[in-house]
Amino acid sequence: MTATATTAGSSGLAVATRALHKRYGPRVALAGLDLSVPNGVVYGFLGPNGAGKTTTMRLLTGLIHADSGTIELLGRPFGQGDRRRLFEVGALIEAPAFYPFLSGRENLRALAATGAPTPWSRVDELLEVVGLTERARDRVSTYSLGMKQRLGIAAALLSDPKLLLLDEPANGLDPAGIVAMRDTLRNLASAGKTVFVSSHILGEVRQLADIVGIIAQGRLVREGPIEELLTSRGRVRVRVKQDEVGAALARLEGGGFRAVQGSTSDDGWLSVAVEGDRASEINRSLAQAGIYASALTAETDLESVFLELTGATPTGDGQRSFGSAGATTVAGQTSGQDPQ
Ligand SMILES: Nc1ncnc2c1ncn2[C@@H]1O[C@H](COP(=O)(O)OP(=O)(O)OP(=O)(O)O)[C@@H](O)[C@H]1O
Ligand SMILES: [Mg+2]
């Protein structure tokens with residue numbers, strides 16, 4: 001991984017973690033996480049529920065401490081007692097807390113008064129950036145979830161940080177709000193800031209990020225420019241009758257396809273991994289052998305990469321479920337579905 005731009009520091013990276021481990025009691029949340037986030041990019045930190053995204057964010061902001069491993073922020077080591085350095089880092093982690101009886105503007109002013117010296121004009125500027133100018137004088141108790149989320153982003157930007165850490169910032173935003181947020185974050189990256197943003201929604205990250213890091217069960221499973229992850233490797237999922245799975249596999253393999261039996265095949269799903277979009281060829285090949293698929297779905301490339309890497313499998317009704325099949329098993333952690 002090469003950094004697109006460097007600031008002072010050894011690695012030239014905005015965020016670098018090495019062998020980061022974190023347990024909550026017997027449960028392993030991070031099992032040796034290595035992240036390399038270049039400066040000046042939007043980095044999409046992607047993973048299913050329980051993968052360790054929020055834990056990572058908390059470690060990067062000093063809210064909790066790692067059991068072992070190192071963190072470098074903006075090229076310098078970040079350790080216990082380094083909370084003062086957090087003026088360089090803006091963060092929004094889980095639901096932001098505000099005084100409900102104060103307005104959005106008053107909340108930001110109160111925060112500005114406790115942090116690095118900030119001109120009040122910056123408060124109004126940020127309210128504009130996040131699209132809250134019209135509601136700036138209203139009490140936060142009257143804000144919708146999405147408005148509070150936007151106010152949280154404004155708060156994270158108060159100290160004009162070089163690095164912005166946002167944990168699932170699109171939570172609670174409506175489609176228009178998501179588009180607006182995407183524009184805001186892209187503009188921040190264009191202005192030279194690094195935006196590290198977590199999500200479990202693939203489509204969102206795909207439209208937003210330059211670099212993607214995929215995490216599953218506390219480990220990085222893939223990291224790189226988004227276009228590199230969007231390889232020509234496609235995947236077509238075929239649904240055939242349970243008693244025809246064997247014949248379908250044999251037929252496809254005979255036809256030169258790399259066919260893999262899906263992990264949920266007990267309900268008749270057969271996964272077929274193929275190069276590019278060859279769904280119609282697969283359909284024809286099966287039909288010629290008297291096997292009629294009841295469903296055939298071409299998945300987008302990034303989606304198949306994500307599903308494969310995180311061990312998630314589609315269920316028969318087309319919904320995503322995150323099981324442990326094919327994923328690295330982490331001692332003490334049962335699956336990615338732990339209750340939060
Ligand atoms: N305070 C805690 N006490 C015990 N276990 C925890 C705690 N916080 C997180 N965990 C566990 O650590 C693992 C990682 O959780 P984390 O919240 O970091 O995941 P996440 O990727 O942010 O998931 P989500 O997409 O659901 O927000 C999970 O197995 C979770 O159950
Ligand atoms: Mg989380």
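I began at R85, which touches L73 and F78 when residues up to four places away in sequence are not counted; two residues are in contact if their C-beta atoms, placed from the backbone, lie within 7 Å. I worked on a predicted model, where local features need pLDDT of at least 70, side-chain atom pairs count only at pLDDT 80 or more, and totals for chains, interfaces and linings use all residues. Residues are numbered from 1 along each chain as its sequence is written, while chains are lettered from A and ligands numbered from 1 in the order in which they are written.

**Entry: R85**

I located R85 in the loop between β5 (76-77) and β6, taking helices (H or I, at least four residues) and strands (E, at least two) as DSSP runs numbered from the N terminus.

**Entry: the whole protein**

I noted ten helices and 16 strands in the protein, and of its 340 residues 44% count as buried. Among contacts between residues at least 6 apart in sequence, 69% join residues at least 24 apart.

**Entry: the sheet**

I traced an open sheet of six strands in the order β6-β7-β8-β3-β9-β10, with mixed pairing; two strands pair if DSSP finds at least two bridges between them. The edge strands are β6 (89-92) and β10 (219-225), each of which pairs on one side only. Neighbouring strands of this sheet are turned by 15 degrees against each other on average, direction ignored, where axes are lines fitted to C-alpha atoms, for helices over the stretch in contact, and angles run from 0 to 180 degrees between N-to-C directions.

I then followed β6, which runs parallel to β7 and is joined to β7 by four bridges, with V89 having L163 as its bridge partner in β7. Helix α4 (residues 145-157) lies across β6 and β7 and runs at about 165 degrees to β6.

**Entry: strand β8**

Why is β8 largely enclosed by the rest of the structure? I found that six of the six residues of β8 (residues 194-199) are buried, so the strand is largely enclosed. T194, F196 and S198 point one way from β8, whereas V195, V197 and S199 point the other way. In a regular strand the side chains alternate between the two faces of the sheet.

On one pairing, β3 (residues 42-46) runs parallel to β8 over five bridges, and G44 stands opposite V197. On another, β7 (residues 163-167) and β8 pair in the parallel sense, also over five bridges, with S198 as the bridge partner of D167. The chain passes from β7 through helix α5 (residues 175-190) to β8 in a right-handed β-α-β crossover, that is, clockwise from the first strand over the helix to the second with the strands pointing away from the viewer.

**Entry: ligand 1**

I counted 15 residues around ligand 1, of which Y24, A29, K53, T54 and T55 come nearest; a residue is near if its C-beta atom, placed from the backbone, lies within 6 Å. Which element gives the largest share of this shell? I found that α1 does, with three residues.

Definitions and conventions
A residue is buried if 20 or more other C-beta atoms lie within 10 Å of its own, exposed if 12 or fewer, and partly exposed in between; C-beta atoms are placed from the backbone.
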